[in-house]
Amino acid sequence: MKAFFVQIKCELGKSYQVATAIADAEIASEIYSMAGVYDLMVKFYLDESQDVGHFVSEKLQPIPGIKDTTTIITFRAF
C-alpha cells in the first residue's frame, strides 16, 4: 500500500460537509481539519497498482464543496 495526503480548500462554510462526505465515502484513512490556507488534510492509502491521479480526480474532487486540492506524495515512513 502507498500512502499519500491531500490538502483540500473548501468553499466557505463547507469544510464540515466535505469532511463528512469523505468519511461517508469510506475512501480515507484519516481526516484532519486545519488552520491556514487549506481547510482539510486527508490521508489515503492505495494499492501499488492504483493511480493516485485518477483516484483524486475521480473519487475526491467531485465531492460537492471542494474548491481546490493539492496532493502530497510520500516515499517512506520512519
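Q: Which residue in S4 is the bridge partner of Gln 7?
A: This is a predicted model, where local features need pLDDT of at least 70, side-chain atom pairs count only at pLDDT 80 or more, and totals for chains, interfaces and linings use all residues. Residues are numbered from 1 along each chain as its sequence is written, and side-chain values use heavy atoms, with hydrogens and water left out. S1 and S4 pair in the antiparallel sense over 7 bridges (strands pair if DSSP finds at least two bridges between them; helices, H or I of at least four residues, and strands, E of at least two, are DSSP runs numbered from the N terminus). In S4, the partner of Gln 7 is Thr 70.

Q: Which strands stand at the edges of the sheet?
A: The open sheet has 4 strands in the order S2-S3-S1-S4, with antiparallel pairing. Each edge strand has a single partner, so one side of it is left without a neighbour in the sheet; these strands are S2 and S4.

Q: What does the twist from one strand to the next average in this sheet?
A: The strands follow the order S2-S3-S1-S4. From one to the next, the twist averages 20°.

Q: What angle does the direction of H2 make with that of S1?
A: H1 packs on the sheet, touching S1, S2, S3 and S4 (contact means heavy atoms within 4.5 Å), and its direction makes about 15° with that of S3. Axes here are lines fitted to C-alpha atoms, for helices over the stretch in contact, with angles from 0 to 180 degrees between N-to-C directions. H2 also packs on the sheet, touching S1, S3 and S4, and the angle of its direction with that of S1 is about 40°.

Q: Is Glu 26 buried or exposed?
A: Glu 26 lies in the loop between H1 (15-25) and S2 (30-33). Although not a glycine, Glu 26 has a positive phi of about 55°. At 71% relative accessibility, Glu 26 counts as exposed.

Q: Which residue in the turn between S2 and S3 has a positive phi?
A: S2 and S3 pair in the antiparallel sense over 4 bridges, and Ser 33 stands opposite Leu 40 in S3. The two strands form a hairpin with 6 residues between them, and the turn residue with a positive phi, about 115°, is Gly 36.

Q: How many residues does the largest nonpolar core have?
A: A nonpolar core is a set of buried Ala, Val, Leu, Ile, Met, Phe, Trp, Tyr and Cys residues joined through side-chain atoms within 4.5 Å. Those with the most contacts inside the largest core are Phe 4, Ile 8, Ile 22, Phe 44 and Leu 60, and its residues number 18.

Methods. Buried means under 20% relative accessible area, exposed over 50%, partly exposed in between (1.4 Å probe, protein chains only).
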